[in-house]
Amino acid sequence: MSLDLSRYLDLYVAESREHLAAARALATQLPQAGEAAVAELYRHAHSLKGMAAAMGYARVAEVAHAAEDLLDAVRRGREERAHAAPELLDALGCLAAMVERVARGEAPDDGAADGCARRLRERLAGPLPRTWRMDFVLEEGRCDARSVAALLTALGGLGVVRTAAAPTLSDGTCRLMVLLDSAASREVLLAALPHLPGVRSFHVRPDAVDAPSDRPRRAAQGVARVPAAALEALAQSAQDLLLEESRPRSAAARRRLVARLHAHATELRLEPFDSVAHRVVAAGRQAGEALGREVQIVIEGGDLRLERSLLDAVLEPLLHVVRNAVDHGIESPEERRSAGKPREGRVRLRLESAGADTRLTVQDDGRGLDPGTLREAAVRLGIAADSEAARMTDGEVLALITRPGFTTALAAGPVSGRGVGMDVVRTAVEGLGGTLELAARPGQGTWVSFRFPRGIAARPALLFRTAEGLAALPLESVTRVEVDGHGRSTLCLLEVRVPVDEVVGRREIVVQPLPAAVRAAGYSGAAVLEDGEIALLLDPAALTS
Amino acid sequence: MPTPERLLAVRLARQRWALRLVDLAGVCEMPALRALPRVAHPVLGLAHRHGRIVTVLDLPALLRDDPGEGPESLLLLASPRTHFGLRVRGDLRLTLPDAGGDEDGPLLRVDLPALLA
């Protein structure tokens, strides 16, 4: 299944608006901004570029790229913050206009994008004329044609007057708008304008920009989009619970309400994998372009929803694995053709439920990893002696690439060799309570899988007792319960039968995640019941295996 | 002047150990454990504290020491996503890094994140 970009349009617009709002708020403060704020601005520009590229909006990506370059120059001290601010606001205004055109279902570029990108590029090359919009309030009695002409003539010393609106006189105040093409910086203009004839006050801004007001804006950081229906359901559940307090009903009814309230609150924290998938697609495409590889990035399970915090945390390691796949896995079109493969390589991201866990897999159809090469590297790096390396299984050898400093690359690649290594990926995944699994076949590709426990979730289960204590299985995994002539019960799953001492019954339990070492033993979670007893939720897949 | 880092000193059979208070979410009496068949030592089992399930590990085993004297306690670790507790039998007391230990013997610092990694 290839990615249907139109499905992501709303998401693209929403996220772009968020980045733009945050970036414009920061850009207004750029002259006084510290390094952290500049770095944050850079990230916003980078994200805008990546999202636009992923959606195929080349012009939007181009302007965002130019803004990114400008911020990079600021970051490296090659550009003054105060001088860069107007250009940056200019670019952000262009981007905002283009995103709003996309939101209206129109093509993003109405011809202004070229100008936006060019101004930024030229700004980086050196000061070139640009258009400033100047709104003047003139002194009393200076609204006549002669006075205005004198002002425009004086402005001619600063640049070329492109156009001037007819002055308006209202309540004794004369206002005049002028568009001036000038290479002068805003600071130069601000210093010069008070000395021009007849000027009482003025406001200067780059033209064609929806310039932000001076009011401080709230940055979008930390703000989550919540579906209105989910918020309504949460409020309704909370209200039901409040009303329940005044009614003498059973504890079971109250528990159901609390469980519903929790389910609705949990709902608010979930977002579809698609909300970050477009960034991965963009990163993969960019890596492919940089390396001259033809790569198709395929997303499966994009509708599956995870906690936003988990999506954010997993994004960086995921990006690294995808870049790695493109850089070290996918071969050049020529190599692929001679190996009998399609010219275009494929990197497939698949998100799926795996028992009580969520599994995210990145699979490429590239050159894979050669255990022999890895063994040689292990010996070369002093990780293992010759004899030890020879005794290692292919799985053990493959796991070596998650060791700090281990690499079989002869040199850092232009895409992935500069970033975090697989050891950092593993640490990040384990820090989230997850596990990292690897598999590869020479010439056929590499398979990297992250497995995470889901957060706390209510789910229907069948509770039972064995000699080992109280346990549960997901209700959907039990096809039937058999009772023999002696009253002994057996739970029948698709491929396995589980004899039990007692079937306690169906129950909705609130399952809490467990650490990887416990999950590896076949326990996918645990729940505390009303009487304080702990029930272990068994993983049906582990029972089968 | 920065506040000195406070420590929880634990006396086990062979050694005094110190855990940073910032790594701990609390200390409580040892609750009943739900055993975990097929899960290897030092995982002892599961307990729950105010409805939150905690995976309990054996601190002396992690430190290659033996239990000390006194009642068992559960040290709850501060961790945002995974919930661990450490079972410990031994004398517990709050201390400071430079509180000395001539009478009680040296105090060894425990790097809990590294220990659990």
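Throughout this passage, a residue counts as buried when its relative accessible area is under 20%, as exposed when that area is over 50%, and as partly exposed in between (1.4 Å probe, protein chains only). The structure is a predicted model, in which local features need pLDDT of at least 70 and side-chain atom pairs count only at pLDDT 80 or more, while totals for chains, interfaces and linings use all residues. Residues are numbered from 1 along each chain as its sequence is written, chains are lettered from A and ligands numbered from 1 in the order in which they are written, and side-chain values use heavy atoms, with hydrogens and water left out.

In one, K341(A) meets E331(A) with N and O 2.7 Å apart. K341(A) sits in the loop between α12 (333-338) and β9 (345-354) of chain A, and E331(A) in the loop between α11 and α12, 10 residues apart; helices (H or I, at least four residues) and strands (E, at least two) are DSSP runs numbered from the N terminus. Both partners lie inside the protein by the accessibility criterion: K341(A) is buried at 17% relative accessibility, and E331(A) is buried at 6%.

Another salt bridge joins D365(A) and R336(A), whose closest N and O atoms are 2.8 Å apart. Because D365(A) belongs to the loop between β10 (357-364) and α13 (371-380) and R336(A) to helix α12, the pair ties together parts of chain A that are 29 residues apart in sequence. R336(A) is buried, at 0% relative accessibility, whereas D365(A) is partly exposed, at 23%.

How many salt bridges does the rule find across the interface of chain B and chain A? The count there is 1, formed by the side chains of R38(B) and E468(A) at 3.5 Å, N to O. The pair joins two chains, since R38(B) lies in the loop between β3 (24-29) and β4 of chain B and E468(A) in the loop between β13 (457-466) and β14 (469-474) of chain A. R38(B) is exposed, with 58% relative accessibility, and E468(A) is partly exposed, with 42%. Elsewhere, salt bridges with shared partners connect E300(A), R348(A), R350(A), E352(A) and R359(A) in one network.

Turning to the interface as a whole, 17 residues of chain B are in contact with 22 residues of chain A, contact meaning heavy atoms within 4.5 Å. The two chains bury about 1700 Å² between them, 62% of it on carbon and sulfur atoms; buried area is the accessible area (1.4 Å probe) that two parts lose on being put together, summed over both.

The interior of the model can be described through its nonpolar cores, that is, sets of buried Ala, Val, Leu, Ile, Met, Phe, Trp, Tyr and Cys residues joined through side-chain atoms within 4.5 Å. The largest has 48 residues, and those with the most contacts inside it are F273(A), L318(A), V347(A), L349(A) and F450(A). Helix α11 (residues 308-329) of chain A provides the largest share of this core, 10 residues. Beyond its neighbours within four places in sequence, V347(A) is in contact with residues including V295(A), I297(A), A325(A), I330(A) and V362(A). Another core, apart from the largest one, has 40 residues, among them V13(A), L26(A), M55(A) and L70(A).

Notes. A salt bridge is a side-chain nitrogen of Lys or Arg within 4 Å of a carboxyl oxygen of Asp or Glu.
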